[in-house]
Each structure stands twice: as structure tokens, then as C-alpha cells.
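Please read it with the coordinates open.

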Amino acid sequence: KRDWSSDVCSSDLSNDLTVTAGTLAGTSNLTVQGGDIAGNGTINLTSATTTLTGTGNFGGTGSYTFANLKFGTGSSQTTTASGAGAITVSGALTISSSATLQAGSKTWNLSGSGSPLIISGTFTPQTSTISFNGSSATTINAITYYNLTVNQSGTTFTLGGVTTSTK
């Protein structure tokens, strides 16, 4: 088991990121251009923004935690979530204009407030659960969800329009 930490500066990987075991931790910006962030290890990037570009897979059996997570930067891409590990984003989960996120069967925990889910591209819910659990006023996107959970007492959640849950 290996634990890796990257807090020195922003990183730009031209290929994939695979964490097969152990933990990858860091607080700097990370861009992965190969299309895949995968593996059964744990990812704990608790500050800055992680950006995934290129078509590929996202996930594994380990839990992944991000401050901000962004799919795409302008070129067409499809990201397919895989594995059962939960994803937690404490800031914003962003799907850029030419990106598609196929959410798989994952649980996506969004604890950011305001607008923690920013969709300019395409969101395909598949059999995922999107859980909004911010600690202050939060807007829930007007999209189709498979499972939608709103879970924080004492917090105002606002539906941004017509919202559908298919389960």
C-alpha cells in the first residue's frame, strides 16, 4: 500500500490517472488529459479543482473526494462512471458544454452550497444517486435524476424548475 501526496504545485497529466491501491491526497489543481481517473484506491483532493478531459472512465471501488470536479474543457468527450465507490464533491461538480457525464450506479454526494451541480453539457443519470447535502441554501438543477436525495436539516433547497426522478 502506498500513499501519495501532491501539494507543491498544479499538475497536468497528459495521460490517465490510476490509483490501484492506497491513497492519493493533495490540495493543488490537477488536470488529467487521458480521459480516465480510475482504480480501486482512495482519492482525496480536498482543495482546488480536478479537471478530467478526454473520453474515458471515472471511478473504482474506492471513495473519491474532491473540492471541485470538472468534466471537459471545450472538446467533445464522454465520461462513463464505473465501480461502486462513492464520489464526494465539497464545492462544485461541473459538466462543461461539450462534455457528457454518464453517472453510472454511483452515489454522488454534493455538499457545496449555492449551485453545487453546474451543467452546460449533458448529464445522463443511468442508475446513480445524486445527494444534495449542503449546509446553506442550495439550488437543485432542473434535470432528470434516477435517485435524488436532499439531506440536510435546517437548509433551504430550491428546485430550479421541472425536476424528474425516474426511480
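The points below go from the whole chain to single residues.

1. **Basis.** This is a predicted model; local features need pLDDT of at least 70, side-chain atom pairs count only at pLDDT 80 or more, and totals for chains, interfaces and linings use all residues. Residues are numbered from 1 along each chain as its sequence is written, and side-chain values use heavy atoms, with hydrogens and water left out.

2. **Overall form.** The chain has 0 helices and 22 strands. Both are DSSP runs numbered from the N terminus: helices are H or I with at least four residues, strands are E with at least two. The radius of gyration is 15 Å, close to the 15 Å from the globule rule for 167 residues, so the chain is as compact as a globular protein of that length. That radius is taken over C-alpha atoms, and the rule is 2.2 Å times the number of residues to the power 0.38. The C-alpha trace spans about 40 × 35 × 25 Å along its principal axes.

3. **Burial and surface.** Of the 167 residues, 41% count as buried. Buried means under 20% relative accessible area, exposed over 50%, and partly exposed in between (1.4 Å probe, protein chains only).

4. **Contact range.** Take contacts between residues at least 6 apart in sequence: 19% of them join residues at least 24 apart. A contact here means heavy atoms within 4.5 Å.

5. **Six-stranded sheet.** An open sheet of 6 strands runs in the order β3-β6-β8-β10-β13-β16, with parallel pairing. β3 (17-18) and β16 (122-124) are at the edges with a single partner strand each, so one side of each has no neighbour in the sheet. Two strands pair if DSSP finds at least two bridges between them. β3 pairs with β6 (residues 37-38) over 2 bridges, in the parallel sense. In that pairing, T18 stands opposite A38.

6. **The β14, β17 and β20 run.** β14 and β17 run parallel and are joined by 4 bridges. β17 is also joined by 4 bridges to β20 (residues 147-150), again in parallel. I130 is worth a look: W108 stands opposite I130 in β17, and L148 is the bridge partner of I130 in β20. In a regular strand the side chains alternate between the two faces of the sheet. β17 (residues 129-132) is covered on both faces: T129 and S131 on one side, and I130 and F132 on the other, are all buried.

7. **Aromatic pairs.** The whole structure holds 7 aromatic pairs. Rings of Phe, Tyr and Trp (its six-membered ring) pair if their centres lie within 6.5 Å; planes under 30 degrees apart are stacked, over 60 edge-to-face, and the rest tilted. F58 and W108 have ring centres 5.8 Å apart and planes at 15 degrees, so this pair is stacked. F58 is in β8 (residues 56-59) and W108 in β14, 50 residues apart. Both F58 and W108 are buried. F132 and Y145 are edge-to-face, at 6.2 Å centre to centre with 80 degrees between the planes. F132 lies in β17 and Y145 in β19 (residues 144-145), so the pair ties together parts 13 residues apart in sequence. F132 and Y145 are buried too. One aromatic cluster is formed by F58, Y64, F66, F71 and W108.

8. **Nonpolar core.** The largest nonpolar core has 31 residues, and F58, L69 and W108 have the most contacts inside it. Such a core is a set of buried Ala, Val, Leu, Ile, Met, Phe, Trp, Tyr and Cys residues joined through side-chain atoms within 4.5 Å. Elements giving two or more residues to this core include β5 (30-32), β7, β9 (64-71), β14 and β17. β9 gives the most, with 4 residues.

9. **T50.** Is T50 buried or exposed? Its relative accessibility is 1%, so T50 counts as buried. T50 sits in β7 (residues 42-52). Beyond four places in sequence, T50 is in contact with L30, I37, L45, F66, N68, L69 and K70.

10. **N109.** N109 is in β14 (residues 107-110). N109 counts as buried because its relative accessibility is 18%. Not counting residues up to four places away in sequence, N109 touches A86, I87, T88, V89, S131 and N133.
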